[in-house]
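Visitor: Please take a close look at one part of this model, the inside of the protein and the helix packing that goes with it. A plain account will do.

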Amino acid sequence: MGRPEKPPTESSDNRRGSPPSLARSTLWRVATRIALVVLVATAFSYWHVRSGIEEQALAGLERYVAERRVRESVPLVDAEKSLAMLARQYEKALPEAGSETSFDDLFVEQEDGTWRTRRTLFTRDWVSGFVGKNADVDAETRRALTAAVDVVRRFGPSWPGRFANGYVLTPDQAVVMVWPGHDWALGGSDWEIFGKLALMREASGSGGVVVSGRRDAEPAKETRWSGLYYDYAVRQWVVSVTRPVVVDGRHVASVGHDLMLQDLIERTVTSDIEGAYNLLFDSDGNLIAHPRFMEAIQARGGALPVGETDDGHLKTLFSLAAEVGRPGGLVEVPGQDEYLAVSHLDGPGWHLLTVFPKNLIASEAVNMAYIVFGLGFAALLLELTILSGVLRGQIGEPLKALVRTADRTRAGNVSHDEILGELDTGRSDEIGTLARAFKDMLDELERRETALAGGNAELSRLNLKLRHELGERKRAESELQRHRELNALLDSIDYGVLFLDADLKSRLANDAYRRMWQTAPDYYDQRRTLREDMEESRRRGLYTVSEADWPEYLDERIDRIRAGPFGPEELHLSNGRIMEYECTALHDGGRMLTYYDITDLKRAQANLRIHLEGMESSMDGMALLDHQGRYLYVNYAHARAYGYEREAMIGLSWRALYDAEELARFDEEIVPVIHTRGRWRGEATGRRQGGQTFPQDLSLAATENGGLVCVVRDISERKARERALDQALQRAEESNAAKTRFLAAMSHELRTPLNAIIGFSRIVSRKTEGVIPERQSDNLAKIQTSAEHLLKLINEILDISKIEAGRMDVAFIPYAPLGVADECLRLIEPMVQPGVALRCDCVCDMPHATGDAAKVRQILMNLLANAARCTLSGEICIAVERDGERLRFAVMDTGIGIAPEAQATIFEEFARLDGAARTGTEGTGLGLPISRRLARLMGGDITVRSEPGEGSTFTLDLPFASRSGNVAPAGSAPTRAVGT
């Protein structure tokens with residue numbers, strides 16, 4: 001058409017590469033509408049199917065929990081029925097029990113005071129029995145235990161497979177049990193058996209461990225179940241059920257079974273329904289079984305309170321379970337997408353819960369919806385295929401012809417008639433209208449191209465001018481960038497730089513210079529003369545020059561800078577800073593002034609001079625050595641210690657100052673420590689210049705350059721004093737040993753006549769009772785009391801002497817802390833004033849400790865005796881606890897208390913309290929000192945906390961497994977208790 005050919009533009013290429021398709025958009029709109037219909041049909045199918053599946057699932061869940069309740073309750077109900085029969089049989093057997101001889105055939109008294117069944121009884125019938133050492137084994141107890149053996153022997157063969165064991169438990173620490181394969185009452189220690197008895201009594205309703213038997217305890221009225229606990233003897237979860245045996249309104253015994261619940265717990269935490277889970281509560285809100293909390297449940301002994309889990313979901317489940325009245329109830333959990341099925345187990349009344357998520361129902365409904373959606377999607381694809389063929393022929397091909405015509409028009413290599421040859425302008429539809437509009441557009445474009453051709457020459461001229469201006473601008477920006485880089489470089493250094501031109505006007509000042517002279521950031525935005533700059537600094541008070549001398553100083557300074565370069569000079573400012581500045585000449589006649597802040601360097605030099613003066617004045621020898629061990633510096637004290645002149649030691653090796661034996665010690669012991677740790681300190685033997693050796697304290701430290709810092713002190717005089725002290729100490733120890741032997745001999749010699757006096761006074765008092773006058777009888781009593789008091793004092797003095805002489809042995813054997821505390825309470829009971837209560841506060845399952853039980857008993861008896869003397873009302877309590885590897889006994893009373901000023905002296909020998917004398921009794925003042933020394937001998941201590949009028953607390957702290965002191969034989973007799 002005569003138009004110049006134009007290169008294809010980016011926009012035309014994009015249109016030709018991916019032109020918009022009317023057929024495709026039409027096809028998309030149709031597909032969207034059909035897909036919407038398919039989705040609505042799928043949603044309707046989903047909700048319809050889900051409602052039916054939900055009804056079936058909930059009905060099946062109700063049947064499931066009902067069957068679980070019946071299945072899990074069978075062994076629990078069977079245990080209650082078995083105990084009812086066993087209680088009736090025991091009531092019948094009790095009146096017909098055997099005589100004394102039959103009990104002795106079954107039980108044997110042990111050395112520790114307990115009674116246990118004979119081994120043959122367990123071998124033959126799996127029967128074992130135990131009677132505590134504090135129980136009263138009278139005729140009634142013998143008859144009750146004989147009847148218990150008879151009943152469990154007859155009915156024991158029917159229990160295996162149903163229950164773990166069966167037992168008869170009496171109120172006075174006695175039990176008879178059938179447990180196949182477990183000689184429980186024969187092989188266990190008394191404390192292990194007491195621990196099991198505590199669980200049995202918990203089930204029977206009689207409380208914790210009974211220390212002394214009581215036959216009149218209030219019996220439980222019905223069958224009782226214990227909490228779940230883990231029996232380590234059989235490594236099983238166990239629950240105990242007991243039933244009381246009441247004869248004539250009196251609780252004579254309890255019968256019981258232990259049930260192994262490992263299978264029940266495993267069935268609980270393992271659900272039969274995929275996706276659901278089970279859990280087990282007791283009626284008090286304790287979690288017994290849960291798939292996620294089994295470790296926490298075992299750590300809490302078989303029951304984890306819901307409140308301690310901090311799990312709000314668990315609390316909701318328990319409250320819903322308590323509200324559901326009927327077994328097999330089904331409720332929806334509020335706020336959770338799940339159902340809860342509740343089942344109450346017969347017997348202990350536990351709640352067996354099944355949590356059923358609703359999404360299990362939704363998953364089946366979703367599968368059905370997928371099928372409906374798939375069928376609809378297949379139909380959609382078929383309809384779209386047919387519609388696509390129609391749209392391609394009627395719309396797609398005519399539009400493609402129109403696009404090709406537009407591309408050929410853009411290329412400009414064909415005539416106007418050739419371009420319009422492919423268009424069907426005769427169609428009466430929208431395609432024909434579009435073709436006619438396209439023809440009119442081409443005519444208008446041809447007219448406009450003719451008009452634009454005339455303006456191309458002017459546009460080319462303006463383009464050349466613009467290129468030139470852009471080149472100049474780039475060169476200016478490059479120069480500006482180099483200036484910025486120079487400024488950034490100067491601002492990064494830590495010393496001040498000021499550039500001046502040939503007229504001494506400022507050209508550039510970096511940040512460090514502005515900080516040194518305290519100028520504003522914009523001060524050098526205007527060019528300043530050197531005179532103006534110095535005047536501004538003087539105005540800020542930085543110069544130390546007086547007003548009168550300032551003009552002369554200013555002119556001289558400017559003349560020197562104008563004259564040429566000069567070396568570094570110091571300048572002291574009024575703010576205490578010290579500057580070192582110099583002037584450098586530039587090639588264009590300008591000057592560069594550089595300022596270094598050397599204030600810190602000057603201070604460091606001053607500090608170094610002070611340190612050197614301190615080293616010179618030190619009485620200890622100090623020296624610096626290089627990496628080869630040669631002296632670089634020594635002070636006068638160092639040179640004097642080795643007998644050298646100070647100058648003669650410079651360059652000398654330190655090895656010349658020690659003999660061969662000491663050098664070998666250095667190489668083997670000292671030098672490796674310095675290499676690894678960087679320093680060493682200790683004693684050595686040096687050699688003076690004349691050859692004499694002397695002891696020394698030596699400190700060596702490695703420096704960063706491989707050298708050493710050496711400090712030496714001559715300790716010849718100190719060693720002489722130490723030898724004199726050692727000799728004096730040896731003489732004192734010999735004197736002390738002689739004193740101890742004398743006290744021991746005298747104590748023995750004094751105890752013999754005192755024992756005779758005590759014995760004969762008792763004989764005379766008994767023989768003359770009612771014969772001699774009452775006054776003479778009182779005199780005999782005073783003689784006996786005074787002799788016993790004197791004997792106690794002699795025994796305590798002997799204990800003090802043995803401890804000081806190191807002859808007090810400490811045993812290392814196992815003992816029961818709770819048993820020792822209980823025994824001391826029983827022994828101290830006669831000393832307690834009427835109306836004062838005795839109490840033991842301790843846990844019943846504490847394991848055995850290791851140590852000297854006799855000395856622990858002696859200390860506790862002394863503390864309890866002091867409490868009994870000082871307490872007229874209230875109570876005396878002994879508490880036992882274990883804290884990690886420490887064992888603590890606390891003796892607490894509500895007595896008169898101890899004043900703060902007296903608490904510092906009560907552990908001293910023969911120290912007594914005035915308050916104790918007012919109670920009517922008086923100690924010797926040696927009990928507490930002996931007790932504290934015994935405690936420390938065993939690796940512990942005794943502390944006191946007291947308030948006057950409110951009572952006192954003495955705490956004995958010992959290692960739980962003590963190894964202090966010498967190990968005494970296990971059967972050694974305990975030291976007798978003493979009092980203050």
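Guide: A cavity here is a set of grid points where a 1.4 Å probe fits but cannot get out. The model is a predicted one. By that rule, two cavities of 30 Å³ or more are counted.

The largest cavity has a volume of about 50 Å³. Its lining is made up of Tyr 513, Trp 517, Leu 530, Asp 533, Met 534, Ser 537, Tyr 543, Arg 557 and Tyr 595. Sorted by class, that lining holds six nonpolar residues, one polar residue and two charged residues. Helix α16, residues 530-539, gives the most to the lining, with four residues.

The packing of α16 comes next. Two packed helices are described by the angle between their axes and the distance between the axes. For α16 and helix α17, which spans residues 550-563, the angle is about 140° and the axes are 11 Å apart. Because only angles over 145 degrees count as roughly antiparallel, α16 is oblique to α17. The crossing of α16 past α17 is right-handed. On the α16 side, the contact is made by Leu 530, Arg 531, Met 534, Glu 535 and Arg 538. On the α17 side, Trp 550, Tyr 553, Leu 554, Asp 555, Arg 557, Ile 558 and Ile 561 take part. The residues of this contact divide into seven nonpolar and five charged, with no polar ones. Leu 530, Met 534 and Arg 557 are named in the cavity lining and again in the contact of α16 with α17.

Another part of the packing involves helix α28, residues 927-937, and helix α25, residues 853-870. Their axes come within 10 Å and cross at roughly 150°, so α25 and α28 are roughly antiparallel to each other. α25 passes α28 in a left-handed crossing. From α25, the residues Lys 855, Gln 858, Ile 859, Asn 862, Leu 863 and Asn 866 meet Gly 927, Leu 928, Ile 930, Ser 931, Leu 934 and Ala 935 of α28. That contact contains six nonpolar residues, five polar residues and one charged residue.

α28 also packs with helix α23, residues 774-804, where the axes come within 10 Å and cross at roughly 30°. α23 and α28 are therefore roughly parallel to each other. The crossing of α23 past α28 is left-handed. Glu 796, Asp 799, Ile 800, Ile 803 and Glu 804 of α23 make the contact with Gly 927, Ile 930, Arg 933 and Leu 934 of α28. By class, these are four nonpolar, one polar and four charged residues. Gly 927, Ile 930 and Leu 934 of α28 are named in the contact with α25 and also in the contact with α23.

Conventions: Residues numbered from 1 in each chain as written. Predicted model: local features only at pLDDT ≥ 70, side-chain atom pairs only at ≥ 80, totals over all residues. Heavy atoms only, no water. Axes fitted to C-alpha atoms, helices over the stretch in contact; angles between N-to-C directions. Helix = DSSP H or I, 4+ residues; strand = E, 2+ residues; numbered from the N terminus. Parallel < 35°, antiparallel > 145°, perpendicular 65-115°, else oblique. Left-handed = near helix turned anticlockwise from the far one by under 90°. Contact = heavy atoms within 4.5 Å. Nonpolar A, V, L, I, M, F, W, Y, C, P; charged D, E, K, R; others polar. 1 Å grid on protein atoms, 1.4 Å probe; cavity = no way out; pocket = protein on both sides within 12 Å on 5 of 7 lines; lining within 4 Å. Points joined across faces, edges and corners; volume = space filled by probe spheres on them.
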